[in-house]
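Thanks for making the time this morning. Let me put the sequence and the model up on the screen, and then I will walk through them.

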Amino acid sequence: MGRGRFLTLAGSALLVLVAPPLYLMLDLAVVGRLGGEQLAALAVGTLVLSMVSTQLTFLAYGTTARSARAFGAGDRAGAVREGLQASWIAIGAGLVIVVAGRLLAGPVMRALVPDAAVAAEAAGWLRLAVFGVPLILLSMAGNGWMRGVQETRRPVIYVVAGLLVSAVLCVLLVHGLAGAPDLGLHGSAVANLAGQGLTGLLFLRRLLVDVRRTPGPSGRRPVWAPDPAVIRAQLTMARDLILRSLGFQVCFVSAAAVAGRFGVAQVAAHQLVLQIWEFLSLLLDSLAIAAQQVVGAALGARVFGVAKANARRATAVSVLAAAVLALALAAGAGLVPRIFTSDPAILDAARTPWWFLVGMLPVAGVVFALDGVLLGAGDAAFLRTATLAGALLAFLPMIWLALIFDWGLTGIWAGLLLFMLTRMVAVTFRVRSGRWLR
């Protein structure tokens, strides 16, 4: 796999990853003009919906790994069938979440938001938006199998098309422009639902076309029914990826809670730098997805030398990209934070996490790349264990020691750096051991 093809795969993944956060910024800006109450309701509603969706990203990452190995083995039909079975999981899980969301939207929002009016607005938004969850999950499954067969163009078109529809409808429906009904906050939910519907249906249509063209075993007609054996295997990998994701969430929620104990400026500075980290991590994640695709395909073809070479190339590209980002942040240390705030107290507090972020990026370049390599190998159980070990033995102890000994943001970000170093040691040892090749 040449570097050009690798970067093409990464570019496709990056566009799919960055499009939803960019749309969310537009959604917040449009709804924000209705007033603070509606903006707060949208923020809480999208937080709940994103937390639910985050726990189901295995539909993308797990499906990519399994489809890529089938594709590499010359079994494109098997790769497509992985997408079909992932789509069955998406539909089943999505319908359960729709029912639960409709029933629990009110109690959940009242528990999260003390203001009764905001809680009611957020619950109303969520009851509408939750209908889009099955379509979101179908899109995840679609992205997964199409990445596995190294399709780069269609996933970008499908995602961007859906978000463009959402963007136009959001502007029209929230404020009743150009003769459209004035739905207020509910207009945002309807716009989200319409865009997600288009994207989900485009992915579903492509899947149905490919399955129809794919003969079943021994050349018989395509098999459309759920396959319990494949679904069990996918859910086993899903269990490990969900536990890994929960480990991340516990760490970052704990870090935000502790930062809040040090004062308003400190928690604001922490969140500012953390948001920059999360945005930059999308770039590194796109490189990890490309590593997952090329390594999975090489392992499926049982060309282990190529798999090792792809792993080395992916790591080199990721570390180089991370180093460039680190240099850019170091050069812009006095300027970039001022784009987001002019508060002198926040700017002063942000200096500490900023330099931790600069130092952490090259480490993250290694971690993200080798995470992608091991995911491509289907080694999710090891990644789960490594992540939870890093969280329990490094990140969380440092966070709570920072609170006990009043280390402030220095202690919190030292914990994050230690977490990344622990994971780097673990994944490097795993890759060098060669066990992932089996």
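This is a predicted model: local features need pLDDT of at least 70, side-chain atom pairs count only at pLDDT 80 or more; totals for chains, interfaces and linings use all residues.

**Charge, fold and core**

The chain carries 35 positive and 18 negative side chains, and the centres of these two sets lie 14 Å apart; here Lys and Arg count as positive and Asp and Glu as negative, with His and the chain ends not counted, and each charge is placed at NZ of Lys, CZ of Arg, CG of Asp or CD of Glu.

Residues are numbered from 1 along each chain as its sequence is written, and side-chain values use heavy atoms, with hydrogens and water left out.

As for the fold, there are 15 helices and zero strands in the chain, where helices (H or I, at least four residues) and strands (E, at least two) are DSSP runs numbered from the N terminus. The radius of gyration, taken over C-alpha atoms, is 22 Å, and this agrees with the value near 22 Å for a compact globule of 438 residues, the rule being 2.2 Å times the number of residues to the power 0.38. Of those 438 residues, 53% are buried, that is, under 20% relative accessible area with a 1.4 Å probe and protein chains only, as against exposed at over 50% and partly exposed in between.

Which residues have the most contacts inside the largest nonpolar core? They are Leu59, Trp277, Leu357, Leu361, Ile412 and Trp436, in a core of 138 residues; such a core is a set of buried Ala, Val, Leu, Ile, Met, Phe, Trp, Tyr and Cys residues joined through side-chain atoms within 4.5 Å. Helix H10, residues 264–300, gives the most to this core, with 19 residues.

Leu299 lies in helix H10 and is buried, because its relative accessible area is 9%. Leaving aside neighbours within four places in sequence, Leu299 is in contact (heavy atoms within 4.5 Å) with residues including Phe304, Gly376 and Trp436. Leu299 and Phe71 are 228 residues apart in sequence, yet 9.9 Å apart in space, C-alpha to C-alpha.

Is Arg430, in turn, buried or exposed? Arg430, which lies in helix H15, counts as buried because its relative accessibility is 17%, and, not counting residues up to four places away in sequence, Arg430 touches Leu374, Asp379, Phe382, Arg435 and Trp436.
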